[in-house]
Amino acid sequence: MSNVVKRMILVLLALSFITSITIFTFSHRGAGETRVHAAPAVVPLSVYFGSDNDQFYALDAPHGYLRWSYQYQSGGNTWSPAVVVLGKVYFEVSNSASKAVQALSNIDGSVRWSFPFPAGTSGKNGIAVANGIIYFAVNSSTGAGSIYALNTKDGSVAWTYTAATPDQSFGNPIVVNGVVYAAEKSSAGHPPHIYALNATTGASDWSNTIPAAAGTNLASANGVIYFGDRVSSLYAVSAADGSSIWTSQVDGGPASTPTIGGNGDIYYASTTNYVTAVHTSDGSFVWHYLVGKPFTSTVSPTLYSGGVYIGSMDLNMYALQAATGTLIWKQKVGVAITTTAGIKNGIIHVGLIRGALRTLNVSDGLERWFFHTNGTIATSSPPAEG
């Protein structure tokens, strides 16, 4: 083979390699850049949470390494649990000057979009994401409350549903099988209602009175919606029409959102300081375990591999048998636990009132790592990949 032919082959191979590289253009924190990547970025298993030190964090879940943080305006002291869907992290934040729903890149925390709440309104510190839409409640200091639906792509408004009278406000919505459910209460003492809205259009399917105003978030399974009044009772109503199915007063009902198991039981942190299990069929007693100190409204039981995991204001994390309520282990963490446990791959993640996110082994409760923020953590996400 001649030298000329060899050189031509080498040139063709080089051109073939160069043209195989893809050019990506993207915006990083508002500054346009062009970079060359041989492979897409891989997002590790991460836990996402906000602190009232004005920061939102993404940590590597197995080891606690800081992946990135996002600085909100000063005074950003209320964050909703984060929801991670298709490369974006969604959450709600507020401070003394402004309130918004944020969408960040889960790769680097750069802002994809921000939706500021209208003046004179406030959120309920909870969002739901389904089928390309993010749903949340907005209450007004001067008028009726509303349910908002935004397109996850760009934060544009898909629809809004506003209560009929100025005295009405909504709790955090949930989305089940294409229907948005939201509990409503009246400041004027009118009977509370539950609403069912079409998740795509916001049109009302039905509304019905409920036995008491919802003091917790809603939970749903198998055509039934559950909630507590944070005073005395747990309620079950039909998801088909909102009609009452049963009321249970076991241990004073839930202090926070009830957790529904796949075994026909409901678990909750009770207003009388028990971890309690009742039957979904009629709300009758199954078991309870006395903790003896209150739970915060942001702490609910987490079910994982046959266990119930929950933290308390008594400075301890508990692991109980889901079937019987028998104590598996109890681990003192030293300060009040203020978030529902997020568990994956045998690791528990919980936020503490003094600003640390702490991880424990599911097997024995021993600490693995912690990350300190110098601010209270009230919400966190279950660990998630991008």
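Let's start at Ser-80, which sits in the loop between β6 (78–79) and β7 (83–85). Keep in mind that this is a predicted model. Is Ser-80 buried or exposed? Ser-80 is buried, because its relative accessible area is 1% and the cut-off for buried is under 20%.

What does the Ser-80 side chain reach? It reaches the backbone nitrogen of Glu-92, at 2.8 Å. Now the surroundings. Setting aside residues up to four places away in sequence, Ser-80 touches Phe-91, Glu-92, Asn-125, Gly-126, Ile-127 and Thr-379. Take Ile-127 from that list. Ser-80 and Ile-127 are 47 residues apart in sequence, yet their C-alpha atoms are 7.1 Å apart in space.

Phe-91 leads us to the next topic. The largest nonpolar core has 16 residues. Phe-91 is among those with the most contacts inside it, along with Tyr-48, Phe-56, Trp-68, Tyr-70 and Val-89. Which strands supply at least two residues each? They are β4 (55–60), β5 (66–71), β8 (88–94) and β9 (99–105). The largest share, three residues, comes from β8. As a general point, nonpolar side chains tend to be buried together in soluble globular proteins.

Stay with Tyr-70 for a moment. Leaving out neighbours within four places in sequence, its contacts are Asp-54, Gln-55, Phe-56, Phe-91, Gln-102, Leu-104, Gly-109 and Val-111.

Next, another serine. Where is Ser-300? Look in the loop between β28 (285–290) and β29 (302–304). Ser-300 counts as buried because its relative accessible area, 8%, falls under 20%. A polar atom of its side chain lies 2.7 Å from the backbone oxygen of Thr-257. Thr-257 is also on the contact list for Ser-300, with Ser-256, Thr-259, Tyr-309, Ile-310 and Thr-340; neighbours within four places in sequence are left aside here.

Last topic: charge pairing. Side chains of opposite charge can pair when their charged atoms come close. How many salt bridges does the structure hold? One. The partners are Glu-367 and Arg-358, whose side chains meet at 3.1 Å, N to O.

How accessible are the two partners? Arg-358 is buried, because its relative accessible area of 16% is under 20%. Glu-367 is at 41% relative accessibility, so it counts as partly exposed.

Note on methods: Residues numbered from 1 in each chain as written. Predicted model: local features only at pLDDT ≥ 70, side-chain atom pairs only at ≥ 80, totals over all residues. Heavy atoms only, no water. Salt bridge = Lys/Arg side-chain N within 4 Å of Asp/Glu carboxyl O. Buried < 20%, exposed > 50% of the residue type's maximum accessible area, 1.4 Å probe, protein only. Helix = DSSP H or I, 4+ residues; strand = E, 2+ residues; numbered from the N terminus. Polar contact = N/O pair within 3.5 Å; in protein donor to acceptor, adjacent residues only side chain to side chain. Contact = heavy atoms within 4.5 Å. Core = buried A, V, L, I, M, F, W, Y, C linked by side-chain atoms within 4.5 Å.
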